[in-house]
Amino acid sequence: GTTGSRSDTASLIDLKKTTDIDVGDVSFDSTGQPEFDGTNDEIETAASDWNKVTEVTVEAVVLVKGTPIDGNAYHVVAQKDGAYSGGAVYGIRISGSNVPYGTFSKDATVGGTHIDTVAGTTMTTNKYYHLVYTRKVGESVFYQNGEQKSISTASNDAIYNNTDTFTIGQGDGRQLYGNIPVLKVHNSVLSATEIADNFNAYKNRFDIQ
């Protein structure tokens, strides 16, 4: 329903009605889906304890419209902010050649960035994909369209945590050029079966192959 779902300050309110989600800096297409122009569109959540996790699943349905704009090295789908510049506490990004990947930081120093990066396969522009990144101590996994694409067990480091903003469509000055109609963050690691079930729930809606 719509009652009480939108505030009068250009923000949405989460289901628990505890956190404002700022939508004042994002555009919407004709169907009401958020779209990101690759230059200045983003959705931010206020600093909070909700995004401090010991394990995490970041799940998104994403379409990219082209290569990153303004010479950026990569798109940012979503990330927990506050790691060293250029790193995410945790999140999903897409490379300049449209390869999606998940990454986390073990601390806020240069050496703490991009630990256990796991990736999918090259995305075709203007098509939707279901992307999922999971992280727990000792294991990072990346899924694309319901299938596990890569796994790393090389790092036993915990996720570095703080109360910084969780941002959708932007991070470290890099923006997504595309659409994100679905973004979920779980404070647990979803199983392969759960991820496949979620993909099946979305594939017809977004014509995911």
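**A hairpin, its sheet and the fold around them**

Strand 12 (residues 139-144) and strand 13 (residues 147-152) pair in the antiparallel sense, with 5 bridges between them. The model described here is a predicted one. Within this pair of strands, individual partners can be picked out: Val 141 stands opposite Ile 151 of strand 13, and Phe 142 faces Ser 150 in strand 13. Strands 12 and 13 together form a hairpin, with 2 residues between them.

The turn of this hairpin deserves a careful look. Asn 145 lies in the loop between strand 12 and strand 13, and its phi is near 50°, a positive value in a residue other than glycine. For comparison, most residues other than glycine have a negative phi. Is Asn 145 buried or exposed? Its relative accessibility is 15%, and because buried means under 20%, Asn 145 counts as buried.

Asp 207 is found in the segment after helix 1 (192-203). Its relative accessibility is 57%, and because exposed means over 50%, Asp 207 counts as exposed.

In general, strands of a sheet pair through backbone hydrogen bonds, either parallel or antiparallel.

Which side chain makes a polar contact with the side chain of Asn 179? The partner is the side chain of Tyr 128, at 3.5 Å. Leaving aside neighbours within four places in sequence, the contacts of Asn 179 also include Asp 29, Pro 34, Glu 35 and Phe 36. Val 61, Val 62, Leu 63 and Lys 65 are likewise in contact with Asn 179.

Stepping back to the whole chain, the protein has 1 helix and 17 strands. Its radius of gyration is 16 Å, close to the 17 Å that the globule rule gives for 209 residues, so the protein is as compact as a globular protein of that length. Taken along the principal axes, the C-alpha atoms fill a box of roughly 45 × 35 × 35 Å. Buried residues make up 49% of the 209 residues. Among contacts between residues at least 6 apart in sequence, 60% join residues at least 24 apart. Finally, the protein exposes about 9,500 Å², and carbon and sulfur atoms supply 46% of that area.

Terms used:
Residues numbered from 1 in each chain as written. Predicted model: local features only at pLDDT ≥ 70, side-chain atom pairs only at ≥ 80, totals over all residues. Heavy atoms only, no water. Polar contact = N/O pair within 3.5 Å; in protein donor to acceptor, adjacent residues only side chain to side chain. Contact = heavy atoms within 4.5 Å. Pairing = 2+ DSSP bridges. Helix = DSSP H or I, 4+ residues; strand = E, 2+ residues; numbered from the N terminus. Buried < 20%, exposed > 50% of the residue type's maximum accessible area, 1.4 Å probe, protein only. Rg over C-alpha atoms; globule rule 2.2 N^0.38 Å. Areas by Shrake-Rupley, 256 points an atom, 1.4 Å probe, with all protein chains shown as cover.
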